[in-house]
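Morning, everyone. Please look at the model on the screen, and I will walk you through some side-chain contacts.

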Amino acid sequence: MHFAELLLIGVGLSMDAFAVSICKGLSVPRLKIRHALLTGLYFGGFQFLMPVLGWLLGYRFEEMIRSVDHWIAFLLLAVIGVNMIKESFGEAEKLSDDFGLRTMLLLAVATSIDALAVGVTFAFLEVSILPAAALIGVTTFTLSALGVWIGHVFGARFKAKAERLGGVILILIGTKILLEHLGIIHF
């Protein structure tokens, strides 16, 4: 998998965290640098960890499902993408100015579940997991920290659009993987 594809996957996966970060920024009456850094560390850290865990699971079962791995990759990315797009049209999440361990841990896990499924996909595609997970983590850290600031300064205008964009990116990458494995396109 090429760097640009991994970066797009990182951006797509980070859109949930970005959207929640915007909400966190909206919730604080007075923004401090620690709000952005803490949010980035939680979300980026879990976006690094979850693909690694998914990769370990996928790698273990790779031999059993090698013949259908491209279909699994396509379906996982498409389902994740469609869910992100669907959620972008739903009700906005409640705003909370709590940056405590329990709250941030729950948010980090909730926004990184998709990355676990992508890690399984990476195992099937034989992606080198540590550089890929690091890129996803750094991308999420950056966009999450930026999201807190954007939420505080600009408000909720970008939340739904960010989720939709992330969903579309994941669907397109899943489609590309499927078409490559079926021999329809060659990159």
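Start with Glu5 and Lys176: their side chains form a salt bridge, 2.2 Å from N to O. Keep in mind that this is a predicted model. The pair ties together distant parts of the chain. Glu5 belongs to helix α1, residues 3-27. Lys176 belongs to helix α6, residues 159-181.

Are Glu5 and Lys176 buried or exposed? Both are buried. For Lys176, the relative accessible area is 17%. The cut-off for buried is under 20%, so Lys176 counts as buried.

How many salt bridges does the structure hold? Two. The other one joins the side chains of Lys176 and Glu180, at 2.4 Å from N to O. These two residues sit four apart in helix α6, so about one helical turn separates them. Glu180 is partly exposed, with a relative accessible area of 26%. Shared partners then join Glu5, Lys176 and Glu180 into one network of salt bridges. As a general point, side chains of opposite charge can pair when their charged atoms come close.

**The nonpolar cores**

Now turn to the largest nonpolar core. It has 31 residues. Which of them touch the most other members? They are Ile9, Leu13, Phe18, Val118 and Phe122. Six helices each supply at least two residues of this core: α1, α2 (33-65), α3 (69-88), α4 (101-124), α5 (129-154) and α6. The largest share comes from α5, with seven residues.

In soluble globular proteins, nonpolar side chains tend to be buried together.

Zoom in on Phe18. Leaving aside residues up to four places away in sequence, Phe18 touches Leu143, Ser144, Gly147, Ile150 and Ala162.

**Rings with rings**

Next, the aromatic pairs. A search of the whole structure finds two. Take Trp55 and Tyr59. Their ring centres are 5.0 Å apart and their planes are at 15°, so the pair is stacked. Both residues lie in helix α2, four residues apart, and so are separated by about one helical turn.

Then there is Trp71 with Phe74. Here the pair is edge-to-face, with 85° between the planes and 6.5 Å from centre to centre. Trp71 and Phe74 are three residues apart in helix α3, so about one helical turn separates them too. Trp71 is partly exposed, and its relative accessible area is 40%.

**Charges over rings**

Which residue lies over the face of Phe99? That is Lys24, at 4.6 Å from the ring centre. The ring of Phe89 has a charge over it as well: the charged end of Arg164 sits 4.0 Å from the centre of that ring.

**One last residue**

Finally, find Leu53. It lies in helix α2. Is Leu53 buried or partly exposed? Leu53 is partly exposed, with a relative accessible area of 38%. Now look back to Glu5, where we began. Leu53 and Glu5 are 48 residues apart in sequence. In space, they are 20 Å apart, C-alpha to C-alpha.

That is my tour. Over to you.

Definitions and conventions. Residues numbered from 1 in each chain as written. Predicted model: local features only at pLDDT ≥ 70, side-chain atom pairs only at ≥ 80, totals over all residues. Heavy atoms only, no water. Salt bridge = Lys/Arg side-chain N within 4 Å of Asp/Glu carboxyl O. Buried < 20%, exposed > 50% of the residue type's maximum accessible area, 1.4 Å probe, protein only. Core = buried A, V, L, I, M, F, W, Y, C linked by side-chain atoms within 4.5 Å. Contact = heavy atoms within 4.5 Å. Phe/Tyr/Trp six-rings, centres within 6.5 Å; stacked < 30°, edge-to-face > 60°. Lys NZ or Arg CZ within 6 Å of the ring centre and 35° of its normal.
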